[in-house]
Amino acid sequence: MCYNEHMGVHKRRDGSFYVKCDFEDCAHVVELKATDFWEATEEAKRHGFKPMKDKDGRWVSFCGEYCRMCYVNPPIIVKRVRK
């Protein structure tokens, strides 16, 4: 699949656009009806996707606050103390 990627918006070879959540454990994908990239980014925002830059300066997009929080924060390690 060949696509251009910016702020979570992807373009297929056939010219259609879709947006997907960049959190690995989330499979949320929305098909967009846009005809160009700028329309697609606006439509993605209307669907609730929020773009941000990660620590490497790369654009990522999340479908909700939960996905953004899980992507940004490191995993919590729980240790059990034996008595």
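Helices (H or I, at least four residues) and strands (E, at least two) are taken here as DSSP runs, numbered from the N terminus. With that in hand, helix α2 covers residues 65-72, and Glu 65 and Arg 68 both lie in it, three residues apart, about one turn of the helix. The structure is a predicted model, in which local features need pLDDT of at least 70 and side-chain atom pairs count only at pLDDT 80 or more, while totals for chains, interfaces and linings use all residues. Residues are numbered from 1 along each chain as its sequence is written, and side-chain values use heavy atoms, with hydrogens and water left out.

Along the principal axes, the C-alpha atoms fill a box of roughly 65 × 25 × 25 Å.

Of the 83 residues, 28% count as buried; buried means under 20% relative accessible area, exposed over 50%, and partly exposed in between (1.4 Å probe, protein chains only). The accessible surface comes to about 6,500 Å², with 53% of it belonging to carbon and sulfur atoms. These areas come from the Shrake-Rupley method with a 1.4 Å probe, and for residues only the protein chains shown count as cover. Among contacts (heavy atoms within 4.5 Å) between residues at least 6 apart in sequence, 31% join residues at least 24 apart.

Next come the strands, which pair if DSSP finds at least two bridges between them. Strand β2 (residues 9-11) and strand β3 (residues 17-20) pair in the antiparallel sense over three bridges, and Val 9 has Val 19 in β3 as its bridge partner. The two strands form a hairpin with five residues between them, and in the turn Gly 15 has a positive phi of about 95°. On to the next pairing: β3 and strand β4 (residues 29-32) are also antiparallel, over four bridges. In this pairing Val 19 stands opposite Val 30 in β4.

A salt bridge is a side-chain nitrogen of Lys or Arg within 4 Å of a carboxyl oxygen of Asp or Glu, and the count comes to three. One of them joins Glu 31 and Arg 12 at 2.9 Å, N to O. This pair links distant parts of the chain, with Glu 31 in strand β4 and Arg 12 in the loop between β2 and β3, 19 residues apart. Glu 31 counts as partly exposed at 47% relative accessibility, and Arg 12 as partly exposed at 23%. Another bridge joins Arg 58 to Asp 54, with the closest N and O atoms 3.6 Å apart. Here Arg 58 is partly exposed, at 39%, whereas Asp 54 is buried, at 12%. Within helix α2, the side chains of Glu 65 and Arg 68 meet at 2.6 Å, N to O.

Finally, Glu 43 lies in helix α1 (residues 37-46). Glu 43 is buried yet has no salt bridge, and the nearest side chain of opposite charge, Arg 46, is 4.7 Å away. For charge, Lys and Arg count as positive and Asp and Glu as negative, with His and the chain ends not counted. Leaving aside residues up to four places away in sequence, Glu 43 touches Glu 31, Leu 32, Lys 33 and Ala 34.
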